[in-house]
Amino acid sequence: MAVEPEVEHPRKAYGWAARDTSGVLSPFLFSRRKTGEKDVTFKVLYCGICHSDLHKLKNEWSDSIYPLVPGREIVGEVTEVGSKVEKFKVREKVAVGCLVGSCHSCQNCVNNLENYCQKTIPTYGAKYVDGSITYGGFSDFMVADEHFVVSIPNGLPLDVAAPLLCAGITVYGPLRYFGLDKPGLHLGVVGLGGLGHLAVKFAKALGLKVTVISTSPNKKEEAIQHLGADSFLVSRDQDQMKAAICTLDGIIDTVSAVHPLMPLIDLLKSHGTLVAVGAPEKPLELLLPTLILGRKSVAGSYIGGMKETQEMIDFAAEHNIRPEIEVIPMDYVNTAMQRLVKADVKYRFVIDIGNTLKP
């Protein structure tokens with residue numbers, strides 16, 4: 001009698017999901033694929049909360065797919081690897097950031113810039129190559145192609161490693177690409193939140209002079225005494241801003257709210273570049289004569305490719321760069337989201353998935 005081949009069913013996973021645009025998260029049972037020959041399966045231990053999670057939960061970018069399991073700053077321990085996996089072994093500490101797929105053949109992919117591939121697959125809320133929906137790190141385990149998994153170096157605590165997967169690479173990438181990584185250059189960092197505080201840390205580790213620019217005067221002591229910035233500007237103080245005109249070689253603008261660009265561009269020296277890494281929902285005003293007369297540039301940057309992400313993680317470990325975090329249990333996540341809207345966190349929430357996510 002013929003024996004029926006064994007059917008390998010998808011594995012049940014447990015996490016927290018939003019079911020609609022209210023963005024409220026609650027327990028959710030779903031399926032993940034089996035470990036493919038190039039896949040790495042790992043138990044999720046920590047997952048950071050990113051400001052993008054807020055936008056996705058409430059469908060503010062008009063592309064959310066529900067049920068939606070957020071989380072793209074995911075750190076854990078390998079439990080299984082596919083037969084053709086070469087870079088990882090069981091029990092190693094690994095992480096997945098914003099991407100879980102790309103075409104692997106376009107010019108961007110060939111140049112290790114998978115983040116700019118036109119067929120990139122986000123870690124959650126997107127269709128994977130097999131037609132399934134991707135679910136993020138607010139869950140008990142992950143399965144990902146090894147190409148999109150990075151190694152966590154020994155000595156880098158897993159909880160503080162989590163925000164590096166999105167916030168860290170978001171600021172590290174433009175510092176490298178735009179040449180704002182030369183000791184002695186003067187960098188402005190606009191906004192002192194999850195992205196901004198890491199921009200300060202990376203810039204100082206690279207040997208830059210750093211000026212933090214904020215609307216909040218009460219952040220001055222934090223910026224200089226705690227994070228190591230060299231100076232501080234209150235963007236609403238016209239006298240301070242005028243005194244700093246043409247003093248900066250570059251600016252990393254991390255603000256995701258609508259804000260005036262022209263006073264910031266005035267701070268740039270000739271040939272300077274303002275790089276926007278925040279994503280305001282409405283257009284910002286930009287007057288071209290200011291750019292033309294100083295050969296100044298306004299650019300954007302979006303996370304980083306996998307090679308650069310691993311480089312960033314290794315750099316952070318080597319230079320003792322540690323995001324400032326508040327570790328929370330899974331069932332606190334809705335309160336954390338409400339606090340994040342109010343910028344009531346220093347500076348990133350990280351969920352202790354391994355110890356507090358209960359079936």
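View 1. Helices (H or I, at least four residues) and strands (E, at least two) are DSSP runs, numbered from the N terminus. This is a predicted model, where local features need pLDDT of at least 70, side-chain atom pairs count only at pLDDT 80 or more, and totals for chains, interfaces and linings use all residues. Residues are numbered from 1 along each chain as its sequence is written, and side-chain values use heavy atoms, leaving out hydrogens and water.

**View 2. Now for overall size.** The C-alpha trace spans about 85 × 40 × 40 Å along its principal axes. A compact globule of 359 residues would have a radius of gyration near 21 Å, and the chain agrees, with 21 Å. (That radius is taken over C-alpha atoms, and the globule rule is 2.2 Å times the number of residues to the power 0.38.)

**View 3. Let's look inside.** Of the 359 residues, 51% are buried, meaning under 20% relative accessible area with a 1.4 Å probe, protein chains only. Take contacts (heavy atoms within 4.5 Å) between residues at least 6 apart in sequence: 66% of them join residues at least 24 apart.

View 4. Strand β3 (residues 39-48) runs antiparallel to β4 (residues 74-81), and 7 bridges join them; strands count as paired if DSSP finds at least two bridges between them. Cysteine 47 has isoleucine 74 in β4 as its bridge partner. Strand β4 is also joined to β5 (residues 93-96), antiparallel again, by 4 bridges. There, glutamate 77 stands opposite lysine 93 in β5.

Definitions and conventions
Buried < 20%, exposed > 50% of the residue type's maximum accessible area, 1.4 Å probe, protein only.
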